[in-house]
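Subject: Structure handover and findings

Hello,

Here is the structure for your files, followed by notes on what was found in it. Please read the notes with the model open.

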Amino acid sequence: MNKTVFITGASRGIGLELTHQYLMGGDQVFAAARNPDAQGLAALKKEYPDSLTLIALDVTDPASIEKAAAALGAQPIHLLINNAGIFKSKRTELETLDESTWLEEFRVNSISPLMVTRAFKANLVAAGSGVVGMMSSKMGSMGDNTSGGDYSYRSSKAALNAVSVSMAKDLAQDGVTVVALHPGWVQTDMGGPNALIDVVTSATGLKAVLDRAGPGESGRFFDYSGAALPW
């Protein structure tokens, strides 16, 4: 069955490749980004003019979220992928971490996915069995933290994991599944050129996890291969 998919942070990297893969699969995709006219999305719009809708969205701006939700109206959303995120605190440690950077990463990585999901809750419920994918990171796993450091990014993703578990419990009665995802160390602007896997590999794996996600997976944490991760 073809789905309606809403993806944040869709202008580049994993978000852009997920947009591409769902379009190739025949799904209707709403691709949201601060700059929806970015080159990659513009090219996809030319290739899939009838199945791709571009949405301007700043996930940290309540008015922007409200406007995006209004644009969709009562449109059912089968899959919401909260992909937008930042890792501004790279190469900062205990002595150098700036409080404003920490707060910014929390706002984008931890708070905005909840706000976006809340705005589209009715759309997810209308789909009958909506799924929410929260783009987390293994760096948010306390059980997997063997190297320390990266306080800001790690804690923002750990907070997102907590949000995901609570939301999975709160939305279960509405038939909505929520899963936290680790995309792998990916060759993107965020992951850098020395990362272990390319964008296509990550997005293909994430899509497979999301396509089979249901109530049995809700409130759990998976990597792009489908392996369960420790909190």
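Helix α1 passes helix α7 in a right-handed crossing. A crossing is right-handed if the near helix is turned clockwise from the far one by less than a right angle, and left-handed if anticlockwise. Helices (H or I, at least four residues) and strands (E, at least two) are DSSP runs, numbered from the N terminus. This is a predicted model, in which local features need pLDDT of at least 70 and side-chain atom pairs count only at pLDDT 80 or more, while totals for chains, interfaces and linings use all residues. Residues are numbered from 1 along each chain as its sequence is written, and side-chain values use heavy atoms, with hydrogens and water left out.

Helix pairs at α1

Two packed helices are described by the angle between their axes and the distance between the axes. For α1 (residues 13-24) and α7 (residues 199-211), the axes come within 9 Å and cross at roughly 60°. Axes here are lines fitted to C-alpha atoms, for helices over the stretch in contact, and angles run from 0 to 180 degrees between N-to-C directions. On the α1 side, the contact (heavy atoms within 4.5 Å) is made by G13, I14, E17, L18, Q21 and Y22. On the α7 side, the residues are V199, V200, S202, A203, T204, L206, K207, L210 and D211. The contact divides into eight nonpolar, four polar and three charged residues. In this count Ala, Val, Leu, Ile, Met, Phe, Trp, Tyr, Cys and Pro are nonpolar, Asp, Glu, Lys and Arg are charged, and the others, Gly among them, are polar.

Helix α1 also packs with α2 (residues 39-47), at an angle of about 10° and with the axes 10 Å apart. That makes α1 roughly parallel to α2. L16, T19, H20 and L23 of α1 meet G40, L41 and L44 of α2. Four of the residues in this contact are nonpolar, three are polar and none is charged.

Q39 is also in α2. Q39 is exposed, with a relative accessible area of 71%; exposed means over 50%, buried under 20% and partly exposed in between (1.4 Å probe, protein chains only). The C-alpha atoms of Q39 and S11 are separated by 8.0 Å, and the two residues are 28 apart along the chain.

The sheet

Seven strands form an open sheet in the order β3-β2-β1-β4-β5-β6-β7, with parallel pairing. Two strands count as paired if DSSP finds at least two bridges between them. β3 (52-56) and β7 (221-223) are the edge strands, each pairing on one side only. From one strand to the next, the twist averages 20°. Helix α3 (residues 62-72) packs on the sheet and touches β1, β2 (28-33) and β3, its direction making about 155° with that of β3.

β1 (residues 4-7) and β4 (residues 79-82) pair in the parallel sense over three bridges, and V5 has L79 of β4 as its bridge partner. β4 also runs parallel to β5, joined by four bridges, with N82 opposite M134 of β5. Between β5 and β6 (residues 177-182) the pairing is parallel as well, over five bridges; here V131 has T177 as its partner in β6.

Five of the five residues of β5 (residues 131-135) are buried, so this strand is largely enclosed by the rest of the structure. In a regular strand the side chains alternate between the two faces of the sheet. In β5, V131, G133 and M135 point one way, and V132 and M134 the other way.

S164 lies in α6 (residues 151-171). S164 is buried, with a relative accessible area of 2%. Leaving aside neighbours within four places in sequence, S164 is in contact with M134, V178 and A180.

The axes of α4 (residues 99-119) and α6 come within 9 Å and cross at roughly 15°. That makes α4 roughly parallel to α6, and α4 passes α6 in a right-handed crossing. The α4 residues in contact include W102, F106 and L114, and those of α6 include Y153, L160 and M167. The contact divides into eleven nonpolar, seven polar and two charged residues.

Regards

Definitions and conventions:
Angles under 35 degrees count as roughly parallel, over 145 as roughly antiparallel, 65 to 115 as roughly perpendicular and the rest as oblique.
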